[in-house]
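Q: I am new to this structure and would like to learn how to read it. Could you walk me through its features one by one?

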Amino acid sequence: MLRMALESGSDVPKPVKAVPHVAEVYSFRHCGCLYLTFILKKMGDRVANYTSRLQQQEGEIKLLQYEIERLRDPQELNFTSSQLDELREENSRLKYRLDILKRSLQEEMSQNDKVMLNVNQRLQQIFGEAISTTYPGLENPPLTVTPNQQAKFGDYQCNSAMAMAQMLKAKGQKVSPREIAEKIVQNIPNNELIERTEIAGPGFINVHLKRMFVSKLLSNLLVNGVKPPSLKKKKKVVVDFSSPNIAKEMHVGHLRSTIIGDSMCRLFEFLDYEVLRLNHVGDWGTQFGMLIAHLQDKFPNYLSVSPPIADLQAFYKESKKRFDEDEEFKRRAYQCVVKLQSKEPDFIKAWNLICDVSRNEFQKVYNCLDIHIEERGESYYQEMMTAVIKEFEEKGLVQLDEGRKIVFAPGQSIPLTIVKSDGGYTYDTSDLAAIKNRLFDEKADIIIYVTDSGQAMHFQVVFAAAQLIGWYDPKVIRVEHAGFGVVLGEDKKKFKTRSGDTVRLMDLLEEGLKRSMDKLKEKGRDKVLTPEELVKAQRAVAFGCIKYADLSHNRINDYIFSFDKMLDDRGNTAAYLLYAFTRIRSIARLANIQEATLRTAAETTEVLLDHEKEWKLGKCILRFPEILQKITDDLLLHTLCDYLYELATTFTEFYDSCYCVEKDRQTGEVVKVNMWRMLLCEATAAVMVKGFDILGISPVERM
């Protein structure tokens, strides 16, 4: 308008306050609406995204509010009455949407304060925005942010510049990594987290965090507890693990699947996923016809009582031998299978008795290891198998091969046998029925199978067949086989008894209890603990050490089972971590500081991080969410064990260098309590408790 007035020679009422042209006002209003639409569309994004853009959004809100106020003054605008009415109506809607946005931002920020922030993820968002601003035309630029191992180089490091230089070079643009790093740094948006950055070497961007912000995050943790970042959408996870066979005792081979699968479930449960824990037991098939036929000869009262599990296992071996050598027995066994599948009452009764005896034995193991799991054996899917075969046939995916019905999936060298030449079903058939049930009936977003790595090929073919028939898209639903290596003895051979038999799992757990009690008595714990505390410590050490020895190794590799190593209270073992935890918990107790006092201090006392060991410990505590994110992505739980060990050793460095409680050297009386350091002790213990819980380990307050 100012420009138009000057050109026309008319009077300019307020020359120092330029008024926008109507087209400019419309353009601004239009852009503002687009911007708000974009913001509202993103409201479902992660809570951290709101934190990162809060300052920018507040600035935009102020600017829009300013323009709204100006547009209310008709004296400044050469608009027609109808144009003004239209603008007022539009601006009224705009202000309404601004109010909604502000309320939503406040709610999100309030919620964000109650959960732990994934610092690494937040830095990736910040650097991702800086990189996009610097090189908007670069498609999928690399984004690498990692914690710095040496404090002198800062707290985190962004290493994207080197890879970006290679990408730009491939596009014909020769730019040095250092120059790229400098441009990225120039475009880092305003944020709450970064104090300063430095460029080192060829293009490493070293990041120094704001101490006040880290202190605030620690205070939030202490007040609200250890809570993971919120999920964008609640997802359902099905974890298939443990899976022993009915009529057989659980042995050391079932240990890894049971421990690893339970820990994965605990991880997803902590992250607020809906988790279904499934035990795909072997409870159906020809072996039960063999066993019932054998019991008819050797155990006449099998319909009223089942033999104990050890006898059942012996009977099973005997029935298998007879089945392989005696044609008449084989014929009878097949007849029993047919009668069982036809659900004749006597055969179902015998089968149920056998299953119940086995379940009772399995439960003893699960009680020791604190495992909760829902049984859905192969029998559960029997009624579904016929429909699965029909679906594959109707879609023309079945081939005949010497009387068998097979399915070849693209890219797979071996087929699935879905019907045997004798008309029976196979493991392939039941696994296809199971995956379909989990996808369509359970509506799983994630399905994880925890079995030994020897079954990797089988599951690869099953997953490929499920994709072939159109049951799921791997870009939408995550279906994964989490394989693991075998348990070895100290001779580095498969773990067996001296007689060469497979080690019974209950024998192993009982041996663990005996050895942990011996260790506790060796350290004189029986002299200072009550009988109840001693038994609690015994179980915590025994079962905790067995679990941790497994989980602290990369699950993909074999590992050597050694009671001596796992019960050692030095190094990266459960024994060391449990002792470290009880030591941390004892600090407040010995200083006679009540829990209520610590709770009050958490709300009123600033967590100072001036000492280098305080700063190191504070940062280590806050890495917990990023550790969990990594495990969620790769399902490698040893990362959590390594982190807990690092946290415990970092705490020891802090405790050795920083007095939490100061005492009179002569009397031993407490003369000063450094409460902010006591809060660091509490935060460390709180994170350790959650870490232990995910690993299935039960810590004790006194040991």
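Q: How many cavities of 30 Å³ or more does the structure hold?
A: Start with the general idea: on a 1 Å grid over the protein atoms alone, a cavity is a set of points where a 1.4 Å probe fits but cannot get out. Here, seven cavities of 30 Å³ or more turn up. Do keep in mind that this is a predicted model, where local features need pLDDT of at least 70, side-chain atom pairs count only at pLDDT 80 or more, and totals for chains, interfaces and linings use all residues. Residues are numbered from 1 along each chain as its sequence is written, and side-chain values use heavy atoms, with hydrogens and water left out.

Q: How much space lies in the second largest cavity?
A: A volume is the space filled by probe spheres set on the grid points, which are joined across faces, edges and corners. For the second largest cavity that gives about 70 Å³.

Q: Which residues line the second largest cavity?
A: Lining residues have an atom within 4 Å of a point. In this case they are E249, M250, E361, F362, V365, R504, L505 and M506. Helices are DSSP runs (H or I, at least four residues) and strands are too (E, at least two), numbered from the N terminus. Helices α13 (345-369) and α17 (505-522) each give at least two residues to this lining, and the largest share, three residues, belongs to α13.

Q: What classes of residue does that lining have?
A: Ala, Val, Leu, Ile, Met, Phe, Trp, Tyr, Cys and Pro count as nonpolar, Asp, Glu, Lys and Arg as charged, and the others, Gly among them, as polar. The lining has five nonpolar, no polar and three charged residues.

Q: How many aromatic pairs does a search of the whole structure find?
A: Rings of Phe, Tyr and Trp (its six-membered ring) pair if their centres lie within 6.5 Å; planes under 30 degrees apart count as stacked, over 60 as edge-to-face and the rest as tilted. The search finds 17 aromatic pairs. Take F392 and W471: their ring centres are 5.7 Å apart and their planes stand at 80 degrees, so this pair is edge-to-face. It joins distant parts of the chain, with F392 in helix α14 (residues 382-394) and W471, 79 residues away, in the loop between α16 (456-468) and β12 (478-481).

Q: Are F392 and W471 buried or exposed?
A: Buried means under 20% relative accessible area, exposed over 50%, partly exposed in between (1.4 Å probe, protein chains only). Both F392 and W471 are buried.

Q: Which aromatic pair is tilted, with 35 degrees between the planes?
A: That is F459 and F463, at 5.9 Å centre to centre. Both lie in helix α16, four residues apart, about one turn of the helix, and both are buried.

Q: Where does R211 lie?
A: A charge sits over a ring if NZ of Lys or CZ of Arg is within 6 Å of the ring centre and within 35 degrees of the ring normal. R211 lies over the face of W615, 4.3 Å from the ring centre. Likewise, K330 lies over the face of F323, at 5.2 Å.

Q: In which sense do strands β8 and β9 pair?
A: Two strands pair if DSSP finds at least two bridges between them. Strands β8 (residues 399-401) and β9 (residues 404-407) pair in the antiparallel sense over three bridges, and L400 has K405 as its bridge partner.

Methods. 1 Å grid on protein atoms, 1.4 Å probe; cavity = no way out; pocket = protein on both sides within 12 Å on 5 of 7 lines; lining within 4 Å.
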